[in-house]
Every structure is written in structure tokens, then in C-alpha cells.
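Visitor: Please show me the model. I have a few questions about how the chain is put together.

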Amino acid sequence: MSVQTIYLTCIIGGILLLLSSIIFSAADDFFDFAAFDLFSVDLGDFDLDILPISMKSLCLAATVFGSVSMLLSDQPAATRHVIAGVCAYIGAFIVQNITGFLKNHQSEADTMESICSRNFVVNIAIPEQGYGSVASSDQDCSIITLTAKSMDGSAISAGTKVNIVNITNHVAIVMKL
């Protein structure tokens, strides 16, 4: 087996596994399941994974390693593999950290009930018979902001705690607590 065949196998294998995660939703569950948080540094709201170990990052790393190695085929093997390995690590590092950031910052509200059950505060004052805005005040959850109007048409000042009574046409109907 030639070195070019090995590089081509890395490229094709990485691409096929990534495509299967897009095409088959069952494979996507596997790709999400096979993620490990080893050697992670906590930077407040962001966890930086120093050692990116997930199926998505490993597939990308294999594809990048094979591609860069083929592009550098006229270089000595040691140089070629070091450069390809560094490029593969950088790609895997970027993919692992971006997907981790997006997963940690996605909305946790699945249903209308879960949205309405949160505590909300008026963040843009609601004028009489007009519209303003409310935002969820739970600190440990993702923040949801909605256009709002008061249930009885009265004005509600910014900073007032409210309950959502209903959501109609993407507008939260609220009342003071």
C-alpha cells in the first residue's frame, strides 16, 4: 500500500463520516455522543478544549491530515507529517471549540410552556396601548427576549417583573407580578 493511498483513505474516510452525520440523523446522535471534555480550561462562559476529542473534530483532522500530506508530497516525510499534523490539530481545535460554544449557548426553551414558566422583566418600557420588550431573568439559563404588550393595555415601566399570560402572533401578553 502506498503512502498516497493512505492519505486518500484519510481524506475519503473523514469526508464520508462527516457526510453521514448530515444525511443520517441517527449518526448525528453518535457524533454528539462521542465528545469528551478532556484537558478543558474554563474561561468564564467559555470552555476551551485543549485536546479536541470528538467524532466531528477527528473526522476533520483525518481529512486535513490527508489533504495537507498530499499537497506536500514533494517534502521529506517527517516535515510533511509534522506540518499536516499541526494543521489537523488546528482544524480539530477550532471545530471542537466552536461546536462546544454553540451547544452551550443554544436556547433551552423547547415549548411554549417552558417559555411562559420563566421569570421575565420588562427591559424596554411598554407604553399605554403599545409595545415594549421583556427578557427572561434566570441567570443560569439562556436569555429569551420577546416583544410584549400589557394584558390590560396599561403602561409598564422598565425593570418591572412580569408574568407572560399568553403569546399571540409572536407578542408576549404580560401582566405585572
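Visitor: How many bridges join strand 6 to strand 7, and in which sense do they run?
Guide: This is a predicted model. Strand 6 covers residues 132-136, and strand 7 covers residues 145-150.

Visitor: Which residue of strand 6 is the bridge partner of Ile124?
Guide: Strand 5 and strand 6 run antiparallel, joined by 4 bridges. For Ile124, the partner in strand 6 is Ser133.

Visitor: Which residue of strand 8 stands opposite Phe120?
Guide: Strand 5 also pairs with strand 8, residues 161-168, in the antiparallel sense over 2 bridges. Val121 stands opposite Lys161. Phe120 stands opposite Val162.

Visitor: How far apart in space are Val122 and Val162, C-alpha to C-alpha?
Guide: Val122 sits in strand 5, residues 120-124. Val162, in strand 8, stands opposite Phe120. In sequence, Val122 and Val162 are 40 residues apart. In space, their C-alpha atoms are separated by 7.1 Å.

Visitor: Is Val122 buried or exposed?
Guide: Buried means a relative accessible area under 20%. Val122 has a value of 1%. Val122 is therefore buried.

Visitor: How many residues lie between strand 8 and strand 9 in their hairpin?
Guide: Strand 9 covers residues 171-176 and pairs with strand 8 in the antiparallel sense over 6 bridges. Ile164 stands opposite Val174 in this pairing. In the turn, Asn169 has a positive phi of about 50°. The number of residues between the two strands is 2.

Visitor: In what order do the 5 strands close into a barrel?
Guide: The pairing in the barrel is mixed. Neighbouring strands of this sheet are turned by 55° against each other on average, direction ignored. The 5 strands close in the order 5-6-7-9-8.

Visitor: What pattern does the protein follow along the sequence?
Guide: The secondary structure comes to 5 helices and 9 strands. Buried residues make up 30% of the 177 residues. Read along the sequence, the pattern is α-α-β-β-β-β-α-α-α-β-β-β-β-β.

Visitor: How far apart are the end C-alpha atoms of helix 3?
Guide: Helix 3 has 17 residues, numbered 55-71. The expected span is 1.5 Å times one less than the number of residues, so helix 3 should span 24 Å. The model agrees: the end C-alpha atoms are separated by 24 Å.

Visitor: Which residues are buried in helix 3?
Guide: An α-helix has 3.6 residues a turn, so residues three or four places apart point the same way. The buried residues of helix 3 are Met55, Ser57, Cys59, Ala61, Thr63, Gly66, Val68 and Ser69.

Key. Residues numbered from 1 in each chain as written. Predicted model: local features only at pLDDT ≥ 70, side-chain atom pairs only at ≥ 80, totals over all residues. Heavy atoms only, no water. Buried < 20%, exposed > 50% of the residue type's maximum accessible area, 1.4 Å probe, protein only. Pairing = 2+ DSSP bridges. Axes fitted to C-alpha atoms, helices over the stretch in contact; angles between N-to-C directions.
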